[in-house]
Amino acid sequence: MSEEIQSKADQLDALHTWLNDACSRGTVPILTGKNGDMDTIGSAIALSSINSNMMAGGLHLGRVAKKVVTKLQAPFRKMSAQSPAWPVNLGGIVIVDAAALGQVGIELPEGVPLCILDHHSTNDWQLTEGDLNLQWNVRATTQIVNDYLQQFYPESLTVPVRKMLLAGL
């Protein structure tokens with residue numbers, strides 16, 4: 001996105017528009033940072049709960065994340081760095097809790113709009129027209145996802161989704 005969006009409310013509105021547009025174009029993978037901690041996994045799974053065109057996935061599930069995902073029977077797709085098997089019709093890619101492409105560990109397809117949700121103070125993303133970056137000064141990316149869900153999809157805040165978000169803190 002070329003202009004800088006100042007307020008968090010405006011940023012959440014921009015995120016809502018970006019996600020709706022992306023889901024209307026096709027599948028929207030929500031990729032996690034390759035460390036596989038609960039912040040990244042919880043953020044991806046919670047966000048994916050709002051639309052059937054979204055799916056959380058990434059390279060790694062940390063030990064705690066694996067236990068929580070298994071216990072809550074949460075949908076998470078383990079991917080391969082060598083052959084990530086992208087869906088044919090990609091509407092966009094959301095990347096959670098990664099300050100740079102190297103922290104995802106998967107080569108992204110060209111020309112697909114990106115949405116970056118992150119709490120890290122550094123940022124090494126090379127964004128282009130149609131991309132969106134929400135980088136908040138908060139303790140965890142789950143806080144960004146929680147704020148978004150509370151504002152636009154409060155019905156998605158089921159007990160399992162809230163547990164995912166809380167575990168990410």
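So, which pattern of helices and strands does the protein chain follow when you read along the sequence? Going along, you get α-β-α-β-α-β-β-β-β-α-α. That makes five helices and six strands. Both are DSSP runs, numbered from the N terminus: a helix is H or I over at least four residues, a strand is E over at least two.

Quick housekeeping before I go on. This is a predicted model, so local features need pLDDT of at least 70, side-chain atom pairs count only at pLDDT 80 or more, and totals for chains, interfaces and linings use all residues. Residues are numbered from 1 along each chain as its sequence is written, and side-chain values use heavy atoms, with hydrogens and water left out.

Okay, overall shape. The C-alpha atoms fill a box of roughly 40 × 35 × 30 Å along the principal axes. For 169 residues, a compact globule would have a radius of gyration near 15 Å, and this chain comes in at 14 Å, which agrees. That radius is taken over C-alpha atoms, and the globule rule is 2.2 Å times the number of residues to the power 0.38.

How much of the chain is buried? It's 50% of the 169 residues. Buried here means under 20% relative accessible area, exposed means over 50%, and partly exposed is in between, using a 1.4 Å probe and protein chains only.

Now contacts, meaning heavy atoms within 4.5 Å. Take those between residues at least 6 apart in sequence: 58% of them join residues at least 24 apart.

Let's zoom in on helix α1, residues 8-25. Several of its residues are buried, including Leu12, Leu15, Trp18 and Leu19. His16 and Cys23 of α1 are buried as well.

Last stop, the loops. Where is Gln73 found? Look in the loop between α3 (63-72) and β3 (77-78).

Ala85 is another one to click on. Phi there is near 55°, again positive in a residue other than glycine. You'll find Ala85 in the loop between β3 and β4 (93-96), and it is partly exposed, at a relative accessible area of 48%.

Definitions and conventions: The expected span of a helix is 1.5 Å times one less than its number of residues.
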